[in-house]
Amino acid sequence: MRVLATYRVGIIGTGKKPVKPGPQGYGMAHHHAAAYQALPSCEIVACADINLENARAFQELFGVPRVYTDYREMLAKESLDIVSVCTWPALHEEMVVAAAEAGVRAVHCEKPMAHTWGGAKRMVAACQKSGTLLTFNHQRRFGAPYRRAKELLDQGAIGQLQRVEFGAGNLYDYGSHSVDLCNYFNGERAARWVIAQIDYRRENLVFGAHNENQAYALWEYENGVFGVASTGAGAGLVGCHNRLVGSEGTIEIGPQGRGGERLPVLRIRRAGDRSWEAVDCGGEGLHGPNYIERAIADVVRALGDGRPSELSGENALKATEIIFACWESARRRGRVDLPLDVDDNPLEEMVRSGALQPAREEATA
């Protein structure tokens, strides 16, 4: 006999069933739904999407009782405990705030956090006011390569942490994970300042949001650890997804080989050694498997026992501040001291004002 679920779950933004991975190919709600269905304490009771066809397909696939095309109607009628927000970034703020005001106990939102820095802060403030647990899907924190790297760091395997680095496609969309991981490795400390420069000559919209073509960024945390990021054409400069540089060694996650060379997903080189040592991660890679399942299980755990989730809105806010501060540094042409004192999206505003004029790709027949 099936035990009655403890939490009523609703999904906002079902999207299409993911067929081909890529910047526009993920129906993240499908991954969220599978994660909730793996938990006996959760039952998906409703979903909402402005595209009724997508919502109906989602309903059939996951056995969801009720479908809505207006998420506010779903919030008003369903007495939801948990809501997953799986829409594009520009919609996150209004949906998270509406869920908090409707009395939802926990909101798990896709990344990037919000379309503007002010929006990100307002989301966190609204949930703090309502007592809603707000989390963001930075699920890579729960992957074996990242967990094992943090364990080695905390054990003193590379001495005192001095610098965290990453190479990625961009700062905002893909980079949201990367900056979040930098903060994870450095104990969730806040940054003091950021200096960065970007290039945006070709329009690059990911889920409707502008992302730079190339960036180089440097920041310092309050404990003196530095952060470095190189994106786009310069991502290979770092030579791996994430690097931890310590006083007595280096850890690399996702090192990039040359000429088809296969490298371990995690490796360490200790002071005095010329060779790298592979670290066993149990067959897990940079993106999975089962990282989203672990993330959502942690959200549900946090809702149940009251202990914080490391996916908290407060932690996400620290990463988001660094990202927007990078773009603000490019706008000011100088260092940005934190806390960040703007409310907008600096990259978007530079495009709107004509300060940046990225070329649009010609549509093909």
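**Close-up views of a predicted model**

**View 1. F207 is buried, with a relative accessible area of 18%.** This value falls under the 20% limit, and therefore F207 counts as buried. The structure shown is a predicted model. It holds nine aromatic pairs. One of them is formed by W88 and F207: the ring centres are 6.1 Å apart and the planes stand at 65 degrees, so the pair is classed as edge-to-face. W88 belongs to the loop between β4 (82–85) and α4 (89–101), whereas F207 belongs to the loop between β9 (205–206) and β10 (209–210); the pair thus links distant parts of the chain, 119 residues apart. W88 has a relative accessible area of 45% and is partly exposed.

**View 2. F166 and W219 form a tilted aromatic pair.** Their centres are separated by 6.5 Å, and the angle between their planes is 50 degrees. Because F166 lies in strand β7 (residues 161–168) and W219 in strand β11 (residues 214–221), the pair ties together parts that are 53 residues apart in sequence. Is F166 buried or exposed? F166 is buried, and W219 is buried as well. Together with Y221, these two residues make up one aromatic cluster.

**View 3. Charged side chains lie over the rings of Y174 and Y184.** R140 is placed over the face of Y174, at 4.5 Å from the ring centre. Over the ring of Y184 sits the charged end of K150, 5.8 Å from the centre of that ring.

**View 4. Strand β15 pairs with β14 and with β16.** How many bridges join β14 to β15? Strand β14 (residues 249–255) and strand β15 (residues 266–270) run antiparallel and are joined by five bridges. Within this pairing, G249 stands opposite R270 of β15. Strand β16 (residues 277–278) also pairs with β15 in the antiparallel sense, over two bridges. Here I268 stands opposite E277 in β16. A hairpin is formed by β15 and β16, with six residues between the strands. In the turn of this hairpin, G272 has a positive phi of about 90 degrees.

**View 5. R141 and E188 are joined by a salt bridge.** The closest N and O atoms of this pair are 2.8 Å apart. R141 and E188 are both buried. In total, the structure holds 31 salt bridges.

**View 6. A salt bridge connects E165 and R163.** In this pair, the closest N and O atoms are 2.5 Å apart. Because its relative accessibility of 8% is under 20%, E165 counts as buried. R163, at 31% relative accessibility, counts as partly exposed.

**View 7. The side chains of D337 and R335 meet in a salt bridge.** The distance from N to O is 2.9 Å. D337 has a relative accessibility of 44% and counts as partly exposed. R335 also counts as partly exposed, at 46% relative accessibility.

Technical notes
Residues numbered from 1 in each chain as written. Predicted model: local features only at pLDDT ≥ 70, side-chain atom pairs only at ≥ 80, totals over all residues. Heavy atoms only, no water. Phe/Tyr/Trp six-rings, centres within 6.5 Å; stacked < 30°, edge-to-face > 60°. Helix = DSSP H or I, 4+ residues; strand = E, 2+ residues; numbered from the N terminus. Buried < 20%, exposed > 50% of the residue type's maximum accessible area, 1.4 Å probe, protein only. Lys NZ or Arg CZ within 6 Å of the ring centre and 35° of its normal. Pairing = 2+ DSSP bridges. Salt bridge = Lys/Arg side-chain N within 4 Å of Asp/Glu carboxyl O.
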